[in-house]
Amino acid sequence: MITLESAPFCVLFVEVYKGFSMLYYELSAKGQSMVVGKVVSFRISCDKSLSDISGGFAVNFQEDNEDYENIAFHFNPRAESSKVVLNTRIRSKWIKEHIFGDNKVKSDYYINPFKLTIEVKNKEHILVSVNDKFITGYNCKLDITKVKYVCWANGVEIDRAD
């Protein structure tokens, strides 16, 4: 479990949302931003027991760390169903899920740390890569360049990948 003392990034907030302790950091705290033409990468690892949770874990990219009604980009690997779900939430409603199957979800996202890379192509379109392998393009439906925070639940560790 990640604690404030062991957090790889400068964690700005910890709060409870729907029973989960949520951790946040501001992208600018480590010199990162979601700018058109820019690539940002994160090294992500999680407690292996999270693979037993049906919804898996998620990493959210948000303009406001306390605004769960609007999530520009939701990255959610689900080991139980061997798929990765990408989504956007607008005014408390999830848009249609963008799903891609991956029979190595448990090993690639839960057992081993992985590198998540996002290339911002324009204000609503990103390219997503995992471990330096292109996975998919994604249309966010919210302006990704306004994202200031990365948010995740307890049990997940995130560090900047250079």
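Buried, in these notes, means under 20% relative accessible area, exposed means over 50%, and partly exposed lies in between (1.4 Å probe, protein chains only).

I'm working from a predicted model, where local features need pLDDT of at least 70, side-chain atom pairs count only at pLDDT 80 or more, and totals for chains, interfaces and linings use all residues. Residues are numbered from 1 along each chain as its sequence is written, and side-chain values use heavy atoms, with hydrogens and water left out.

**Aromatic rings**

I searched the whole structure and got 11 aromatic pairs (Phe, Tyr and Trp rings, the last by its six-membered ring, with centres within 6.5 Å; planes under 30 degrees apart are stacked, over 60 edge-to-face, the rest tilted). I looked up Phe57 and Tyr110: their ring centres sit 5.2 Å apart with planes at 75 degrees, so I logged the pair as edge-to-face. Phe57 is in the loop between β3 (39-46) and β4 (59-62), while Tyr110 belongs to helix α1 (residues 105-111), so this pair joins distant parts of the chain, 53 residues apart. Phe57 and Tyr110 are both buried.

Next I checked Phe73 with Phe75: centres are 6.5 Å apart and planes at 50 degrees, so that one is tilted. Phe73 and Phe75 are buried too.

**Ile99**

I then went to Ile99, in strand β8 (residues 98-101); strands are DSSP runs of E, at least two residues, and helices are runs of H or I, at least four, numbered from the N terminus. Ile99 has 43% relative accessibility, so I put it down as partly exposed. Leaving out residues up to four places away in sequence, Ile99 touches Lys83, Val84 and Val85 (contact: heavy atoms within 4.5 Å). I also noted Asn87, 12 residues from Ile99 in sequence and 8.6 Å away, C-alpha to C-alpha.
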